[in-house]
Amino acid sequence: MNTDTNSDDSKTPLLPIHDPTQARQSSSHSFLTSIFTPGNCYILLGPLLCAIICLCVKLDGPVNGRNMLAILAWIFAWWLTEAVPMPVTSMSPLFLFPLFGIASADSVAKSYMDDVIALVLGSFILALAVEHYNIHKRLALNITLLFCGDPLNPPLLLLGICATTAFVSMWMHNVAAAMMMMPVATGILQRMPEGPSQSNVVRNFCKAVVLGVIYAAAVGGMSTLTGTGVNLILVGMWKSYFPEAEPISFSTWFFFGFPLALLIFFALWGILCLLYCSRGSGPALSPYLDKAHLKRELEILGPMAFAEKMILTLFGILIVLWMTRSITDDIPGWGALFHGRAGDGTVSVMIATLLFIIPSKKQPGEKLMDWNKCKKLPWNIILLLGAGFAIADGVRTSGLADVLSEAIDFLEQAPYLAIAPAVCVISATITEFITSNNATTTLLIPLLIQIAQTMHVHPLFLMVPGAIGAQFAFLLPTATPSNTVGFATGHIEMPDMIKTGLPLKIAGTAALSFLMPTLGAYVFGTDRGIQYLSF
């Protein structure tokens with residue numbers, strides 16, 4: 001028996017035996033599978049489109065115009081597929097433009113830091129301070145308590161929540177406003193029953209609150225330059241294409257954007273009340289939404305400390321400085337004291353700097369802000385803005401703008417009243433289904449400038465509808481990050497967004513089409529004409 005056992009052991013190999021051919025085939029298959037992934041294919045798509053355009057496309061213009069078109073195909077292929085992170089793609093003009101002869105490295109780099117970028121940077125730092133000290137939550141609870149009513153009035157409470165969100169979104173990026181306000185809104189809804197026991201009245205009010213927050217954040221962001229990157233892209237491209245024209249200041253945009261946002265806001269409130277707030281909803285909701293709960297939430301925050309009061313003071317000073325830098329031709333504002341050298345970004349960074357100097361009085365030596373608190377700065381948005389400005393300069397200086405202008409001569413006879421709403425709808429559709437509103441604006445604005453030149457109308461007649469239309473992405477959860485934030489709460493579904501977003505989109509397009517040739521002509525001075533640049 002021992003002999004048999006030893007014999008069997010001697011036949012057992014010390015190491016496992018593999019078929020070399022099978023191993024090589026498996027290794028080769030694994031290697032190919034790891035290379036030809038969808039992500040890698042998307043990465044190759046950008047350079048491939050660029051090469052095809054450079055080798056096969058011929059334009060009636062300089063070679064740089066064709067090269068610029070190839071670069072646009074590369075950048076937008078990466079933006080659309082997100083094969084490379086969007087902030088990294090946004091930096092690609094820094095190496096693509098010099099390599100393809102579009103612009104020097106220094107001139108491209110300047111697009112990534114100008115007064116508009118400084119305005120964004122300073123306002124983001126101030127927004128982080130507001131978030132750190134829970135000032136937004138205190139503001140939301142106070143306004144909600146004010147609008148709650150006694151007895152409970154659901155439409156009035158919904159108005160308070162939406163108005164608070166819109167106000168916060170006016171002074172910081174609308175995505176940040178939605179992310180900050182959504183926990184406040186859902187905190188109010190936490191006292192309500194969930195699951196099968198939830199009545200239709202409660203369920204509809206929850207939907208109204210969540211939809212109100214995400215849409216009010218978008219609407220509020222339209223009213224100021226700091227509310228969204230789209231407005232900043234528009235202002236930066238206007239400055240780039242028409243340096244001799246009057247720049248669009250913070251106050252100039254506010255005098256047009258705020259009335260527009262106000263009209264759309266009340267349309268939003270009316271739509272939400274009509275669809276989700278029935279007449280008998282007050283008694284059904286009052287057991288869950290009482291003033292005592294809101295007061296307890298406010299008491300938990302405690303009294304306002306010195307740091308919060310100081311941040312609100314600086315916030316107010318910044319708004320006043322923004323609004324009074326350039327007022328009218330007869331009343332030039334404080335900017336005239338510096339002979340036009342100071343911009344909105346100047347005071348934005350100045351106020352942000354004070355946050356790192358003024359003590360918080362919480363701990364010895366502690367300031368209102370330190371750099372560790374600024375690690376959450378949205379550099380992706382800042383880099384995207386810089387890429388947009390660089391692309392606008394590249395389209396203009398490369399000669400591609402001339403080619404685009406010749407290709408759209410047929411629009412010369414098109415009436416403005418017909419094309420402006422169409423531009424708004426096209427811009428909103430692209431944002432809804434294809435790419436972000438910032439990327440849409442970056443792509444469309446140079447084209448709209450050429451269309452305006454061909455039609456012999458003021459460029460802002462088309463630039464403003466194109467930029468604001470890109471913000472009318474109300475239908476899909478993936479259209480904007482704000483929509484995704486609301487969808488993630490679980491209170492709303494896609495049919496709810498379509499049912500609410502479609503009439504809101506129609507109302508916004510109608511309001512914009514009405515205000516642009518009326519109020520817009522007065523605010524932007526389009527009746528005085530414009531000196532077109534020689535592209």
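Which side chain does Arg138 meet in a salt bridge? Arg138 pairs with Glu308, at 3.0 Å from N to O. A salt bridge here is a side-chain nitrogen of Lys or Arg within 4 Å of a carboxyl oxygen of Asp or Glu. Arg138 lies in helix α9 (residues 135-147) and Glu308 in helix α17 (residues 306-324), so the bridge ties together parts that are 170 residues apart in sequence. Arg138 and Glu308 are both buried. Buried means under 20% relative accessible area, exposed means over 50%, and partly exposed is in between, using a 1.4 Å probe and protein chains only.

Before we go on, a word about the model. It is a predicted one, where local features need pLDDT of at least 70, side-chain atom pairs count only at pLDDT 80 or more, and totals for chains, interfaces and linings use all residues. Residues are numbered from 1 along each chain as its sequence is written, and side-chain values use heavy atoms, leaving out hydrogens and water.

Now step back and look at the whole chain. You'll find 26 helices and zero strands; these are DSSP runs numbered from the N terminus, with helices being H or I of at least four residues and strands being E of at least two. Of the 535 residues, 51% count as buried. The chain exposes about 24,600 Å², and carbon and sulfur atoms supply 65% of that. Those areas come from the Shrake-Rupley method with a 1.4 Å probe, and for residues only the protein chains shown count as cover. As for contacts (heavy atoms within 4.5 Å), take those with a separation of 6 or more: residues 24 or more positions apart account for 79% of them.

Let's go inside. In soluble globular proteins, nonpolar side chains tend to be buried together. Here the largest nonpolar core has 166 residues, and Phe256 and Val464 have the most contacts inside it. Such a core is a set of buried Ala, Val, Leu, Ile, Met, Phe, Trp, Tyr and Cys residues joined through side-chain atoms within 4.5 Å. Leaving aside residues up to four places away in sequence, Val464 touches Phe256 itself, and its other partners include Leu234, Trp253 and Phe524.

Some nonpolar side chains sit on the outside, though. Phe487, Met494, Ile498, Leu502 and Ile506 form a surface patch with about 430 Å² of accessible area together. Patches are made of residues with over 30% relative accessible area and no salt bridge; like charges are joined within 9 Å, and nonpolar side chains (Val, Leu, Ile, Met, Phe, Trp, Tyr) within 5 Å. Helix α25 (residues 494-515) gives the most to this patch, with four residues. Leu502 is found in that helix, and at 41% relative accessibility Leu502 counts as partly exposed.

Back to the charged pairs: the count comes to four salt bridges. In one of them, Lys376 meets Glu131 at 3.3 Å, N to O. Lys376 is in the loop between α18 (344-355) and α19 (379-398), while Glu131 is in helix α8 (residues 115-132), 245 residues away. Lys376 is exposed at 54%, and Glu131 is partly exposed at 28%. Another bridge joins Asp370 and Lys373, at 3.9 Å from N to O.

What about disulfides? The count is zero, where a disulfide needs a pair of cysteine sulfur atoms within 2.5 Å. Take Cys273: the closest cysteine sulfur, in Cys277, is 4.9 Å away, so the two are too far apart for a bond.
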